Amino acid sequence: MPSLGSPQDRDLPLFAYGSLRPGELAFGLIEPLVSRHVEATATGVIRMRDGLPLLDRSAAGHVHGSLLFFPAGQLDEAWQIVASFEPGTQYRWTTTEAMTEDGRSTNANVLAGAKFQRGVSGDPVPEWSAGHDPVLGEGLAEVRRLVMEVAPHVVQPQPDSPRFWRQFFRLQASYLLLWSVVERYTALRYGPALEPGDRVRRMGNDPAFQAALKTVGAKPDTVVDSRDPTKTIKLRPDGTGGAHYYYAVRSNLSHRGKGAFRDACLVLKAVVELHDAMLELLAQHVSIPEHSGLDEVRLGRILPPGALA
């Protein structure tokens, strides 16, 4: 994937309107290098392509964002983080005039979207937030609804029958939908420029994700790699190994048949724990607007602690 490199004038602040903006999922990556930040607007609108906000400077309107200022001695590191976060296929560097809330005008570097004639959908908006993302919001809420409908009292022992397979396949569907949520989260948190496998590894090494698994009571467990039965993947009591473990469950669903009651219990365990951990992470890192899908954070876990014992 082509790199963005640094902007032409590195002494200018960054006008951030996406995931690197304060209060959004990725701001923590750049926050230690930000000397100050202020709210501002710039000319244009935001258009969406596969969940990514793209600034269209050619359209009439005003986009809400934040000006991020970097210390002179840390410019190299700051711009490297920004350039490695965003994909060069989606953005290009340009400059814009940003207006702060006190009426001051400031020139700033900004990542404008590229090739709006391809893959852009939906109406333009003046402001973006992960809290309004339909995958993170309604997608995660639908996972919860599916599990509560299919297995409200865990998977009961039962013979191999159409009823069992209907329940099992719907659990599979909820888990695959949950992984769409996870992939959207990792793209917005660690950077859409990273390959999917790299993003999952970043999540697995993230202390916040490990802590979330401990908070929701994820039970230590081991699964076998379907491609190599001599290899096992462990979810440990401290949350380490979690991302690899849940991804292995997903890969096994996609790459081999299932036919046992134990497998249905494993899928239920994985979807409950990972769903609840994602709620914890989103509650920590995203401002949750009322009446959005993410408002279901306030409903708590899918199942009470110990229900999967």
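A: Begin with the rule: a salt bridge is a side-chain nitrogen of Lys or Arg within 4 Å of a carboxyl oxygen of Asp or Glu. The model is predicted.

Q: How many salt bridges does the rule give here?

A: The count comes to 13 salt bridges.

Q: Is D56 buried or exposed?

A: Residues under 20% relative accessible area are called buried, those over 50% exposed, and those in between partly exposed. D56 has 5% relative accessibility, so D56 counts as buried.

Q: Which salt bridge joins D102, and how exposed is D102?

A: D102 pairs with R104 through their side chains, at 3.5 Å from N to O. D102 has a relative accessible area of 55% and is therefore exposed. R104 is exposed as well, with 60% relative accessibility.

Q: What separates D198 and R201 along helix α5?

A: D198 and R201 are three residues apart in helix α5, which spans residues 196-205, so about one helical turn lies between them. Their side chains meet in a salt bridge of 2.5 Å, N to O. As for accessibility, D198 is partly exposed at 30%, while R201 is exposed at 52%.

Q: Which residues are linked in a network of salt bridges?

A: R21, E39 and E127 are linked in this way.

Q: Now to contacts. Which residues does L52 touch, leaving aside its neighbours within four places in sequence?

A: The cut-off for a contact is heavy atoms within 4.5 Å. With those neighbours set aside, L52 is in contact with R47, Q90, Y91, L188 and P192.

Q: Where does L52 lie, and is L52 buried or exposed?

A: L52 belongs to strand β4, residues 52-56. Its relative accessibility is 10%, so L52 counts as buried.

Q: How far apart are L52 and V120 in sequence and in space?

A: In sequence, 68 residues separate L52 and V120; in space, their C-alpha atoms are 9.6 Å apart.

How values were computed
Residues numbered from 1 in each chain as written. Predicted model: local features only at pLDDT ≥ 70, side-chain atom pairs only at ≥ 80, totals over all residues. Heavy atoms only, no water. Buried < 20%, exposed > 50% of the residue type's maximum accessible area, 1.4 Å probe, protein only. Helix = DSSP H or I, 4+ residues; strand = E, 2+ residues; numbered from the N terminus.
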